[in-house]
Amino acid sequence: MIPFNFDYYKPNTLTDAINLYTELDSMGKSPIYYGGGTEFISMARVHNVHTKAVIDIKGIPECNIHVLKNTKLTIGSAITLTNIAIKNHFPLLSRTVKRIADHTIQDKITLGGNLAGTIIYKESLLPLMVANANIVLEGINGSRTVPIMDVFCKEMNISKEELIVQVIIDERYLNLPSLHVKRTKNEKIDYPLITLVALVDQGKINIAFSGLSDFPFRTKLLEDILNDESFSKDERIKKFINNIPYKILDDLAGSSEYRKFMLNVMLNETLENLQEAL
Amino acid sequence: MGHIPQIGISIPKKESWNKVTGRAKYNGDHITSDTLHARILTSTHAHAIIKSIDFTKAEKSKGVQGIITGDYLPVLTGSIIEDRPPIAKDKVRYFGEPIAVVIANTEGEASYAIKLIDVEYEPLLVINFLQDAMKEDSILIHEKLSQYHHPSVEANPQFNTNIAGSTKIRKGDVHKAFNDSYIILEHNYSLPQSDHSAMETRNTIAEILPSGEVVINTSSQAPFAIKEELSKVFGLSKSKLIVRTPLVGGAFGGKATVQLEFIAYIASLAVGGRKVRIANTREQDMFSSPAKIGVDAKIKIGATEDGIIRALEATYLVDCGAYSDTGPRMAKAIASSCTGPYNIENVYCDAFALYTNHIYVTSYRGFGHVAATFPVERSIDKLAIALNMDPLELRLKNAIREGNTTPTQSKVTLSNTGNVEECINKLKTLINWEEGQVVQNIDDTIRAKGMACFWKTSNSAPDAISGVILKLNSDGGVDVNFGAVEIGPGMKTAICQIVAEKMKMDINKVHPFMEVDTQISPKHWKTVASMTTFMAGNAAIKACESIIKQLKSIGSIVLRCTPEDLDVANQKVFLRDDPSVFIHFKDLAHGYKYADGPSIGGEIIGHGNYIMKHLVPLNPETGQGKTGPSITVGAQAVEIEYDPVKYDYRLLKAATIIDAGKIINPGAAKGLLMGGMSMGLGLATREEFVYNAQGQLENSSLRTYKLIHFGEQPEYLVEFVETEQIDAPFGARGLAEHGIIGIPAALANAISIASQADFDTLPISPETIWKAKTGGKYDSL
Amino acid sequence: MLKISGNTTLVLNINGEDREIIAKPSDTLLYTLRNQLGLTGAKPGCENGDCGACTVLVDDWPIKSCLMLTVEALGKKITTIEGLNNIPIQKAFIENWGFQCGYCTSGFIMVCHSLSIHHPDADEHTIEEWLQSNLCRCTSYQEIRDAINSILK
């Protein structure tokens, strides 16, 4: 039950969506783009978000593309996590999204929604980070395609009227050796204590995390440490953990010290599992 | 005439098809357009003076019909101590306490207006820990404790303290027994507050009709208690107070007290008696409505060299939160069962029910027995290690037997308690104890078993009553009407089975009135304490006897014999010596009509009742007394797989052997015990309320307060020992709560032995184990 | 472009029938089903997507109706528990003691029904994945596992 009223719009084109946003915004209606809506509804019911206009993007063709063509995998922002898992073009992404929320909700959460939400975990971002994906954004000045790593650096760096349209992943990343490990406090259906996603590209591990800090991250510094074979496995892991550039989360899911312990276990598993691919 | 048994057989619940088709109606499913909706504004502070509440903006909000605060109709409520205003007045004592109620045309409008209310607080110091509540110079949560009325004999509030009640057990001479002991162990234990989490949140509709009738439709375990309490608090005529309860979507003790009903009544009063509905959001159900107790315990046990436990000394601090509710009664329940089902001749125990600035508590499945069982069962495992004995054999050695006495010095018989030894022996086989408590797997993981025994009696009111009305239909079927609420265990069906068995007829011809309406149904104390089958079953047997007597009486006229010549079975009244001479129930049910017209008899209606017998309040100095009509005992085990590298574990098996006397419906009973074990594993592994330093509850949604999900369950095993209770209906003792009781201790015992560390605090998460094993510091070396 | 503002008459396809309802954009599908159509089989348990008691099928896939706006259901096929009539999983829940209070049952049955449509031969892993979307506080889940296993394959 949402305790306030809003208008609902379902545009059929990107241009309509952007224009609508700009117009509604100028009218003070604080519009929001709406994908699956799971986060919006659960926040709205407890007064944690307010809007007078909801723009549902599920009618926009570009946001519903899900195709592997010309060495590029394009996934529209309105594609649901369930759909990603079923089509399974990018197994690492499938494995990751299959552990977000629960199976039923995965059929409602959209890729765009998971990326653009306020949730600190955004686990679907991790495979996109390690696969050097690009993101397509539509704004008042038209469309731009940028590396996803440039947009998601601690915070989401896009202007408010900009709409996430698609993500594009180079085909060569889709079936590289990879690993997804999610650890929770206790319960399978839960936010991550730590989610780790790794992929081996040209003998090097690309690695990204959720739950370790209050935003998902992938850093060159840590990857260099992990890939520096002049040190032993144990030394690399130790150095890795000591050089995390962000504050490690300390919350109900687990203390920061416990997260470090768990990260140690997970990194060991990662190096063991990906050994052959290196 | 042959009779097919109607008890001891697994019959699906009568309402089953309604439940699997979505047609079963719960309280919130009766949606009418004449209903107003109320929302409650709750406190953001755990302890504060309410300086002001400004609702001028909210009042003008669309659809708002009325706004009330604690000043509107100030009353104090409580079944043991009258200490709780339904809406806080002047002061708040816990985070989540109701402080204002908005009544509006729609739920959305009420919810919107709530946000427009401004409250100014003056924060006070917070009591966040039990030991702080006990300090002599502690701040007081109830400064006027001395002025509160306390109707119950169980209340003995100690003025100018935070002690709402206390129970003392003094049996034998512990000092002497400790002196004589070969070994003495003393440890501290702790169990946090937690949530009932019934899938249906608490909700209520109240209406005051122009004729003066007050109608409450509510999701409750205790419609008759609501009637009593509302009548008492608001001075209402009991004849004009009608409480109705349809099927309830889970309760677990959380719906046994009166809370939203008070508020709904006041809200209805504020809008001219119109129908007002209040439904808790999930979050409010967790942080505003009452929860499960938290307990800190200190236990000292002394034993001989060969493992005979000679003495037990225990102190329990029970976290009642901000208001007493049934907290003092649970403290009593803990104290009076503190030894577990073991024969300990020297027992000193003190249990204190304490006020803190946590959410207030009420009954929860097991009524304090999880907290009573955990310390003693952990202690026994520690004793076994110290004496180098098998913990199962140690329990066998000390198991309570006929002729022993309980901590309250009431006598144990096989009939009133059952057979602990047999439960332990059966468990031994069921979980293959012989293979060893710890087994090393090839992959370096460890498989380990832990066990615990339990016992529990009802702790019911000494004058608790139940009644059953039976009516015969003109097709010879029987309608059953009694006042226990169907909250899930299938007691409506169980009572029908008892009726069918007593009447020697087919269960399919016996039908329950599924709802409870206090105007129509005979009074049933409360649907709590695993007492429904026992109490209502005894009443049902009497009601059957009344029906049978009437049938025989009218049948004797028709069949031209004496009533003594007749018997009843298969819906027929027949001659004992010649069953071929009979008359069918249907021809007698609404009067017998002779072929030539005249009729005799009339509608056959039977009733029976039951009242608790021989329960004696505890002596304040010694604790001597009797707390329930019988005790149900059992033995439980949990088997886990422990990973010593990740400090992680997996649940493999959970088992219960219970002696609940005759099992009326084995399928239903097994389900109840498995469900209880599942909740017990929840308490053991993950469920706890987490408060921050300001006493604010931090995990009040199902997103953050985790329940076990599908797939995480172990394999559940249940078997029965059936030592019949002489004065119970067909020998059936209570069993509905019991599956939960020993499971947390059994799991803690399994993890402790697997990891070689002591786990005396619940819940036990992998991080807890990691902390215990490593000191809680990540060591990068 | 579709625009809906305030209370509007809409047509939803529910249990094989086109039904006219009045809803505003902020109404959830759960609210409309219960308050407009009296289809109270879908239950509010948390209204936050955590418990699954409100699960219905949208185009044969389980959806938590508390996390879907009514207006999103336009043009889709909605199935509620009331639309299932004496199908094997309902009987299996009874025979395997798959419920006690029954409040979560509609949601569980909808998930099981959808699972049996999409994966009639689902393995244990898939069963777990699907059924982990719902909470039951009365049973131990073993009963529900027995129920679903009895109708698959």
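1. Start with residues 1-174 of chain A. In this predicted model, the end C-alpha atoms of that span lie 41 Å apart. The span is 33% helix and 25% strand. UniProt, in an unreviewed entry, places the feature "domain: FAD-binding PCMH-type" at residues 1-174 of chain A. Treat that label as coming from the record.

2. Stay in chain A for one backbone detail. Phi of A:H47 is near 65°, a positive value in a residue other than glycine. Most residues other than glycine have a negative phi. Where does A:H47 lie? Look in the loop between α2 (38-44) and β3 (53-56) of chain A.

3. Now a span of chain B. UniProt, again in an unreviewed entry, puts the feature "domain: Aldehyde oxidase/xanthine dehydrogenase a/b hammerhead" at residues 21-125 of chain B. The end C-alpha atoms of residues 21-125 of chain B are 52 Å apart.

4. Next, the contact between chain B and chain A. Chain B brings 23 residues and chain A brings 22 residues. Which elements give two or more residues to the side of chain B that touches chain A? They are α3 (107-114) and α18 (766-774) of chain B. α3(B) gives the most, with four residues. By class, this side of chain B has five nonpolar, nine polar and nine charged residues.

5. One peptide bond in chain B deserves a look. B:L762 and B:P763 are joined by a cis peptide bond, with omega about -10°. Most peptide bonds are trans. B:P763 is found in the loop between α17 (743-755) and α18 of chain B. Note that α18 of chain B came up in the previous point, as one of the elements on the side that touches chain A.

6. How is chain B divided into domains? The assignment gives domain 1 (16-23 + 464-611), domain 2 (32-126 + 198-251 + 255-287) and domain 3 (294-460 + 616-774). Each of these domains is written as separate stretches of sequence, so check the ranges with care when colouring the chain.7. Take two of those domains together. The C-alpha centres of domain 2 of chain B and domain 3 of chain B lie 36 Å apart. Domain 2 of chain B puts 20 residues into the contact, and domain 3 of chain B puts in 22 residues. On the side of domain 2 of chain B that touches domain 3 of chain B, nine residues are nonpolar, five polar and six charged.

7. A helix pair in chain B comes next. The axes of α6 (residues 223-234) and α7 (residues 260-270) of chain B come within 10 Å and cross at roughly 50°. That angle makes α6(B) oblique to α7(B). The crossing of α6(B) past α7(B) is right-handed. From α6(B), the contact uses B:I226, B:L230, B:V233 and B:F234. From α7(B), it uses B:E261, B:F262 and B:Y265. Six of the contact residues are nonpolar, none is polar and one is charged.

8. The axes of α14 (residues 491-503) and α15 (residues 532-558) of chain B come within 9 Å and cross at roughly 35°. α14(B) passes α15(B) in a right-handed crossing. Contact residues of α14(B) include B:M491, B:A494, B:I495 and B:I498. Those of α15(B) include B:T532, B:T533, B:A536 and B:G537. The contact has ten nonpolar, three polar and one charged residues.

9. Turn to chain C and its contact with chain B. Chain C supplies 40 residues and chain B supplies 39 residues. Which elements of chain C each supply at least two residues of the side that touches chain B? The answer is a set of helices: α1 (29-35), α2 (88-95), α3 (105-118), α4 (124-131) and α5 (142-151) of chain C. This side of chain C divides into 17 nonpolar, 16 polar and seven charged residues.

10. Last, chain C on its own. Its assignment gives domain 1 (8-82) and domain 2 (84-151). The C-alpha centres of domain 1 of chain C and domain 2 of chain C are 20 Å apart. In the contact, 15 residues of domain 1 of chain C meet 13 residues of domain 2 of chain C. β4 (55-58) and β5 (61-64) of chain C each supply at least two residues of the domain 1 side. β4(C) gives the most to that side, with three residues. The domain 1 side has nine nonpolar, four polar and two charged residues.

Conventions
Residues are numbered from 1 along each chain as its sequence is written. Chains are lettered from A and ligands numbered from 1 in the order in which they are written. This is a predicted model: local features need pLDDT of at least 70, side-chain atom pairs count only at pLDDT 80 or more; totals for chains, interfaces and linings use all residues. Two residues are in contact if their C-beta atoms, placed from the backbone, lie within 7 Å. Ala, Val, Leu, Ile, Met, Phe, Trp, Tyr, Cys and Pro count as nonpolar, Asp, Glu, Lys and Arg as charged, and the others, Gly among them, as polar. Axes are lines fitted to C-alpha atoms, for helices over the stretch in contact, and angles run from 0 to 180 degrees between N-to-C directions. Angles under 35 degrees count as roughly parallel, over 145 as roughly antiparallel, 65 to 115 as roughly perpendicular and the rest as oblique. A crossing is left-handed if the near helix is turned anticlockwise from the far one by less than a right angle, and right-handed if clockwise. UniProt positions are given in the numbering used here, feature names are shortened, and annotations may be inferred rather than shown by experiment.
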